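I set down each item as I looked it up.

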There are 2 protein chains.
Amino acid sequence: MPSEFELIARYFTRGTSHTKLGVGDDGALIAPTPGQELVISTDLLVEGTHFLADTDPEALGWKTLAVNVSDLAAMGAQPRWALLAAVLPAPTPDWIGTFARGFFECANRYNIDLIGGDTTRGPRAFCVTILGEAPAGEALRRDGAQAGDSIWVSGWPGRAALGLAHLQGRTVLVEPQLGECLAALHRPQPRVALGLALRGVATAAIDVSDGLLADLGHILEQSARAARLQIPGLPAAGIERDCLLAGGDDYELLFTAPASRDSDIAALAGELRLPLTRIGHITAGPPGELVVCDDDGTVITPARRGYDHFMSPLEAGTVS
Amino acid sequence: MPSEFELIARYFTRGTSHTKLGVGDDGALIAPTPGQELVISTDLLVEGTHFLADTDPEALGWKTLAVNVSDLAAMGAQPRWALLAAVLPAPTPDWIGTFARGFFECANRYNIDLIGGDTTRGPRAFCVTILGEAPAGEALRRDGAQAGDSIWVSGWPGRAALGLAHLQGRTVLVEPQLGECLAALHRPQPRVALGLALRGVATAAIDVSDGLLADLGHILEQSARAARLQIPGLPAAGIERDCLLAGGDDYELLFTAPASRDSDIAALAGELRLPLTRIGHITAGPPGELVVCDDDGTVITPARRGYDHFMSPLEAGTVS
């Protein structure tokens, strides 16, 4: 079996394009761009909680980095550097090589240098720390939503949760929906270009990792505002509605912006070739209050709001 | 049981002193100091590999951060920010509260802001990412050792490994040595002040985490140099010698400096009240060659050079 040093040298040491000193010393060295602030996030992916044991390692490598890229997208930051810490059971080089291929595919896609890491033996888990840059004062945050702002979401939230439900035998999907949902689950596409375009436009932003309602709840709490949602085309009660409202893992962006920017955002959707859907607005109601309406305006009570990563999917998955 | 959000809010959210935006958004925001480079490192601690299941959680909290601080010390960087990702089995608030107390004791000692993290359920493991600063071009690296340089080590390497051997019943220590060795194992003191003082003095540096010989080996490989070691007072063959030469986990600094600075370094030991011992010199021998001599100059062959974190201590622990 390869040693820790051989593993790192063979699979996780690549050239860097914007790093002073990369993998191989006690620390990495980077020179921040003058005038930029650094945006930093760290995320864990643990087998059995965040991914299934039989997940394709290449897809897992992509997703391990992509979910972190998504955090920077939600902050309106340009991703630049990442570190990867991996806990691995006695691995086959094949598995690690395939994982690394997916990881670097994502790194190359977003021009991210891998600058450090750690490898140890144990139950499979990954911890990525990602660093990006945004001009001082321009990063997007969760705490700026204002009464009257429109609430928007990108893409197709709910697909990843539906794909997981199919894999777990809780629903049966057919093509083309099956392929779309499995792609959303295994190959999430972080909305970096959207995050960058929303600097100076959005008043608050978050990526949908815990569930649409739960993540909107975070914006409402931190902005001390309320919201009324009326989602165009909301499916009738059932697993599709539940996945849309409470399924996490899509890594779409949920954001608020002044209603005066509605047409700019609609135009942005065209430029980015990415659906941007207005799903409601911020109100002056009691801080944290979230009213959800059916397509016809009837107030509904969702089965659940989202997902707590401290519980496993099976424990949390009481889908109505 | 508390949710992920309650856990983070209750135990891991403290005020920050030099951070634009800390725990609670998709990412943290920091403003790097102009003219400084950022030094970044990430480390995993996994139960059963890096610590025993019955380790006191307060000591573990201290050590989880301290081993990362040590990486920055070895780079001559000033520690500034840290992120903590924790995998925890169904936890008692007591355990987490005690762990957090130890973690923040270390953070306060070194003036480090905790700026982010993640919490999930699984087999206990921690991943810390630490960031520090050093003036551009002044960070210490592993690749600058030159033939003729003196080789130095701080403190008392080997103590932590001896303490572990005692706990595992492989040796029996008595006071005061027992207390000193257990303190080295449970409360390592990262040599930050020494690292800062070595900027512009040391030609290469590393912290002793894998073992004295193994870590010197990393300097030799990356500097493409050889070394001859003659350690004053090297114990006779046996567990004390093995722990000194190959026991990791002490987090002392091992460094090289021109022989012309020998007296400066001796004076530094007095200022810092920290033993600094000259243990050999860099030679023009074949790159990577490491000759180890007994006290009287006889060449010896150590039982092992160090510790591979990809194997568990029990697998690696074939102590002669």
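Entry 1. Through which surface do the copies meet? I worked from a predicted model. I found that 98% of the interface residues of chain A are also interface residues in chain B, so the copies meet through the same surface.

Entry 2. I next looked up how chain A is laid on chain B. In general, two copies of a chain are related by a rotation about an axis and a shift along it. Here I noted a turn of 180° and a shift of 0.0 Å along the axis, with an RMSD of 0.0 Å. That is the relation of a two-fold axis.

Entry 3. How many residues of each chain are in contact across the interface? I recorded 62 residues of chain A in contact with 61 residues of chain B. I then took the area buried between chain A and chain B, which is about 5100 Å². Carbon and sulfur atoms give 60% of that area.

Entry 4. I turned to the polar side of the interface. Between chain A and chain B I noted 15 residue pairs in polar contact, both residues being at pLDDT 80 or more. I also noted six salt bridges across the interface of chain A and chain B. One of the pairs I looked up is R142(B) with D26(A), whose side chains meet in a salt bridge at 3.1 Å, N to O.

Entry 5. Which element gives the most to the side of chain A that touches chain B? I found that strand β2 of chain A, residues 36-46, gives the most, with 10 residues. I then sorted the residues of that side of chain A by class and wrote down 32 nonpolar, 15 polar and 15 charged.

Entry 6. I checked strand pairing between the chains. Strand β1 of chain A (residues 28-30) is joined by three bridges to strand β2 of chain B (residues 36-46), and the two run antiparallel. Within this pairing I looked up A28(A), and its bridge partner in β2(B) is I40(B).

Entry 7. Lastly I followed strand β8 of chain A, residues 226-230, within its own chain. Do β8(A) and strand β10 of chain A run parallel or antiparallel? I found them antiparallel, with four bridges joining β8(A) to β10(A), residues 276-283. L229(A) has G280(A) as its bridge partner in β10(A). Four bridges also join β8(A) to strand β11 of chain A, residues 290-293, and these two run parallel. For R228(A), I recorded V291(A) as the bridge partner in β11(A).

Terms used: Residues are numbered from 1 along each chain as its sequence is written. Chains are lettered from A and ligands numbered from 1 in the order in which they are written. This is a predicted model: local features need pLDDT of at least 70, side-chain atom pairs count only at pLDDT 80 or more; totals for chains, interfaces and linings use all residues. Side-chain values use heavy atoms; hydrogens and water are left out. Contact means heavy atoms within 4.5 Å. Buried area is the accessible area (1.4 Å probe) that two parts lose on being put together, summed over both. A salt bridge is a side-chain nitrogen of Lys or Arg within 4 Å of a carboxyl oxygen of Asp or Glu. A polar contact is a pair of N or O atoms within 3.5 Å; within protein, one must be able to donate a hydrogen and the other to accept it, and residues adjacent in sequence count only if both atoms are side-chain atoms. Ala, Val, Leu, Ile, Met, Phe, Trp, Tyr, Cys and Pro count as nonpolar, Asp, Glu, Lys and Arg as charged, and the others, Gly among them, as polar. Two strands pair if DSSP finds at least two bridges between them. Copies are superposed by least squares on the C-alpha atoms of residues with pLDDT of at least 70 in both.
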